[in-house]
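Visitor: I should like to learn how to read the features of a structure from its coordinates. May we begin with a single case and proceed from there?

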Amino acid sequence: MKTALLILILIHGLIHVMGFVKGFELLEVKQLAQPISRYFGILWLLGFILLMVAAFYLFSNNNYYWIIAFAAVILSQILILNFWKDAKFGTIANIIILISVVLAFSKIGFYKRYQTDVNAALNSPPYFDNSLLTVVDIQDLPEAIKKYLNYTGAIGKPKVNNFRIVMKGKLRKNEQSEWMSFKSEQYNFMHNPTRLFFMNAVMKQLPVAGYHCFKNGDAFMDIRLFSIFKVQYQEGADMDKAETVTFFNDMCCMAPATLIDNRIVWQDKGNNVVQATFTNNGISISANLNFNETGELVNFISNDRYNVDAGKKMPWSTPLSNYRTKDNLTLAKYAETINTYPDRDMVYGKFEIESVSYNCNEFY
C-alpha cells in the first residue's frame with residue numbers, strides 16, 4: 001500500500017512538470033491545450049516540488065509527511081480547477097493522497113496520546129533510591145533469584161526506576177488466524193506501576209495500531225484500524241489483573257534489577273522454581289518463575305490472566321531463550337506468549353527484543 005501510494009505521488013508530481021514546461025515554453029506539450037502563463041508555470045513547478053518532498057517524507061516515514069502532502073494537494077487542486085479541461089483527472093490522485101493525509105494525521109494523533117502519557121509518567125518520582133544494586137539489596141531473595149541477578153549482570157548497576165523496550169514480532173488470535181507482523185515500543189515505570197505499550201502492525205495488508213495503557217492497577221487496550229476505527233477495546237477488572245501480570249512479567253524478563261521490589265512476596269518451590277506474588281493497588285497476582293542451572297529465567301507461568309476467548313482464567317506463560325549480553329547486561333532476546341487450554345498449548349505471540357533502556361529521562 002505504501003509503495004503504491006509512493007508511485008502515485010511520484011507520477012502525479014512528474015505530470016505537474018508539464019505545466020511548468022508549457023508555461024515557460026521550454027517544449028511543446030500537446031497534452032495541454034489551454035494556455036499557461038509563467039505565473040501558473042511557477043505554481044505547477046511548486047506543486048511538483050511539494051509532491052516530491054511529500055514522496056521523500058513518505059519513503060523515510062517522516063511524521064511531517066501529512067503537512068507537506070496536504071499543502072501539495074491544496075495547491076494541485078487549485079491548479080486543476082483553473083485548468084479543469086486538461087487536468088481534471090488529477091483530482092482522482094489528489095483524493096487518494098488526501099485520504100492518506102487524513103490517515104497519517106489520525107495515526108499521529110493516536111500515537112500522541114501514548115506520547116503524552118509517557119511524558120507525564122517521566123515526571124513521576126523514583127521508586128528506588130538512585131544508588132547501585134548491591135549484594136546487600138538482594139540478600140533476602142531466594143537463591144534462584146540471586147543467581148539470576150548475578151547472571152544478568154544487574155549487580156553493581158543502577159537500580160531501575162523505569163525502562164523502555166522496543167520489540168518486533170508477530171501475533172495471532174488462534175491457530176486458524178494469520179500471523180500479524182508488528183513493531184512495538186513501551187515504557188514501564190515502577191513508581192505507581194505503569195506500563196504504556198504502543199504497537200504498529202499489519203493485518204490483512206491493512207495498518208493497525210494498538211495502545212495498551214496500564215496505570216497503577218487500571219488498564220485498557222485500544223486497537224484501531226488506520227489508527228481511526230476501533231476494532232477491539234477492552235477494560236475492566238479482568239483487564240486490570242491481566243495487565244498487572246504483564247507488568248510483573250516485564251519486570252522479571254526485561255528489568256531483573258526491579259525484583260528487589262518490596263511489593264513482591266517470594267516462595268522458593270525448589271528445583272529452580274520460585275513462586276512470586278506481586279501486589280499493587282489492591283490487586284494480587286502470582287506466577288512461577290522457572291530457571292535453568294545456568295541461572296537463566298526460562299519461563300514465567302501465571303494462572304491469573306483472563307483468557308477472553310475461553311471466557312475464564314487459564315494458564316499463561318512466556319518461555320524465554322537466546323540470552324545475549326549488551327552493555328554488560330545479559331537478557332533474553334526472544335520470547336513467546338502461550339495460552340494453555342485443557343487440550344493444547346497455543347502460541348499466539350512471538351517477540352524479538354531489539355533494545356532495552358533504563359532510567360530514561362525523556363521520550364525518544
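Visitor: Are Phe247 and Phe278 buried or exposed?

Guide: Buried means under 20% relative accessible area, exposed over 50% and partly exposed in between, with a 1.4 Å probe and protein chains only. Phe247 is buried, and Phe278 is buried as well. Please note that this is a predicted model, in which local features need pLDDT of at least 70 and side-chain atom pairs count only at pLDDT 80 or more, whereas totals for chains, interfaces and linings use all residues. Residues are numbered from 1 along each chain as its sequence is written, and side-chain values use heavy atoms, with hydrogens and water left out.

Visitor: How many aromatic pairs does a search of the whole structure find?

Guide: A pair of aromatic rings is described by the distance of the centres and the angle of the planes. Rings of Phe, Tyr and Trp (its six-membered ring) pair if their centres lie within 6.5 Å; planes under 30 degrees apart count as stacked, over 60 as edge-to-face and the rest as tilted. The search finds 28 aromatic pairs. In one of them, the ring centres of Tyr187 and Phe363 are 5.6 Å apart and the planes meet at 25°, so this pair is stacked. Tyr187 belongs to strand β2 (residues 180-189) and Phe363 to the segment after β16 (344-358), so the pair ties together parts 176 residues apart in sequence. Both Tyr187 and Phe363 are buried. The pair of Phe247 and Phe278 is tilted, with 6.1 Å centre to centre and 35° between the planes. Helices (H or I, at least four residues) and strands (E, at least two) are DSSP runs, numbered from the N terminus. Phe247 lies in helix α7 and Phe278 in strand β8 (residues 273-280), so their pair connects parts that are 31 residues apart in sequence.

Visitor: Which residues touch the most other members of the largest nonpolar core?

Guide: A nonpolar core is a set of buried Ala, Val, Leu, Ile, Met, Phe, Trp, Tyr and Cys residues joined through side-chain atoms within 4.5 Å. The largest has 65 residues, of which Ile145, Phe248, Leu259, Trp266, Leu289 and Leu297 touch the most other members. Its largest share, eight residues, comes from helix α7 (residues 237-254). Another core, of 27 residues, lies apart from it and includes Leu32, Trp44, Ala69 and Leu79.

Visitor: What span does helix α2 have, and what should one expect?

Guide: The expected span of a helix is 1.5 Å times one less than its number of residues. The 22 residues of α2 should therefore span 32 Å, and its end C-alpha atoms are 31 Å apart, which agrees. Among the buried residues of α2 are Trp44, Phe48 and Leu51. Just after α2, Asn61 takes a positive phi of about 55°.

Visitor: Why does Asn161 count as buried, and which residues does Asn161 touch?

Guide: Asn161 counts as buried because its relative accessibility is 9%. Its place is in the loop between α6 (143-152) and β1 (162-171). Contact means heavy atoms within 4.5 Å. Leaving out residues up to four places away in sequence, Asn161 touches Pro126, Tyr127, Phe128, Asn130, Asn188, Phe189, Met190 and Asn359. A polar atom of the Asn161 side chain lies 2.6 Å from the backbone nitrogen of Phe128.

Visitor: Where is Lys204, and is Lys204 buried or exposed?

Guide: Lys204 sits in the loop between β3 (194-203) and β4 (206-215). Lys204 counts as exposed because its relative accessibility is 70%.

Terms used: A polar contact is a pair of N or O atoms within 3.5 Å; within protein, one must be able to donate a hydrogen and the other to accept it, and residues adjacent in sequence count only if both atoms are side-chain atoms.
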